[in-house]
Amino acid sequence: STGQLYVEFAIEQQGGSLCEMLFGVYDASKAPKELAWKQEAAWMYYCGTGRIYHKGFGHDFSTNRQEAAKAKQGDTVGILMHNVESISSSHPQGSCVSLFVNGANQGVFVSQKGLA
């Protein structure tokens with residue numbers, strides 16, 4: 001089905017100098033056998049570095065930049081899931097997931113086109 005879903009989290013407290021939290025998406029139909037950020041069907045934003053983690057490895061946030069804004073105590077992290085029927089001229093990325101830090105769009109961190 002098509003549509004959008006936005007979820008936002010407030011980081012109320014962190015231990016230490018880095019925010020050791022990951023936010024993202026993964027295929028919940030598969031029972032995780034290990035941490036979500038190590039899953040093949042998971043893409044996680046790591047607040048401490050601003051990078052994306054997939055299959056247990058850190059990756060540049062996108063082809064345009066190495067990292068997104070780093071989130072810390074007092075910040076908000078939002079994820080917008082935009083689902084469309086298929087890749088088309090009106091939706092060249094297809095279905096995609098975008099990241100927001102303190103309401104500022106950091107960009108798409110996983111898309112249907114990127115998975116093809």
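Tutor: We will take the sheet, then the cysteines, then the aromatic pairs. This is a predicted model, where local features need pLDDT of at least 70, side-chain atom pairs count only at pLDDT 80 or more, and totals for chains, interfaces and linings use all residues. Residues are numbered from 1 along each chain as its sequence is written, and side-chain values use heavy atoms, with hydrogens and water left out.

Student: In what order do the strands of the open sheet run?
Tutor: E1-E6-E7-E8, with antiparallel pairing. Strands are DSSP runs of E, at least two residues, numbered from the N terminus. Two of them pair if DSSP finds at least two bridges between them.

Student: Which strands stand at the edges?
Tutor: E1 (3-10) and E8 (104-111). Each has a single partner strand, so one side of each lacks a neighbour in the sheet.

Student: How many bridges join E1 and E6?
Tutor: Eight, with E6 spanning residues 76-83. Val-7 has Ile-79 in E6 as its bridge partner.

Student: New topic. How many disulfides?
Tutor: Zero in the whole structure. A disulfide is a pair of cysteine sulfur atoms within 2.5 Å.

Student: Is Cys-47 buried or exposed?
Tutor: Buried, at 0% relative accessible area. Cys-96 is buried too, at 14%. Buried means under 20%, exposed over 50%, partly exposed in between (1.4 Å probe, protein chains only).

Student: And how many aromatic pairs?
Tutor: Three. In one of them, the ring centres of Tyr-6 and Phe-100 are 5.6 Å apart with planes at 85°, so the pair is edge-to-face. Ring centres must lie within 6.5 Å; planes over 60 degrees apart count as edge-to-face, under 30 as stacked, the rest as tilted.

Student: What does that pair tie together?
Tutor: Parts 94 residues apart in sequence, because Tyr-6 lies in E1 and Phe-100 in E7 (residues 96-101). Tyr-6 is partly exposed at 36%, whereas Phe-100 is buried at 14%.

Key: Helices (H or I, at least four residues) and strands (E, at least two) are DSSP runs, numbered from the N terminus. Rings of Phe, Tyr and Trp (its six-membered ring) pair if their centres lie within 6.5 Å; planes under 30 degrees apart count as stacked, over 60 as edge-to-face and the rest as tilted.
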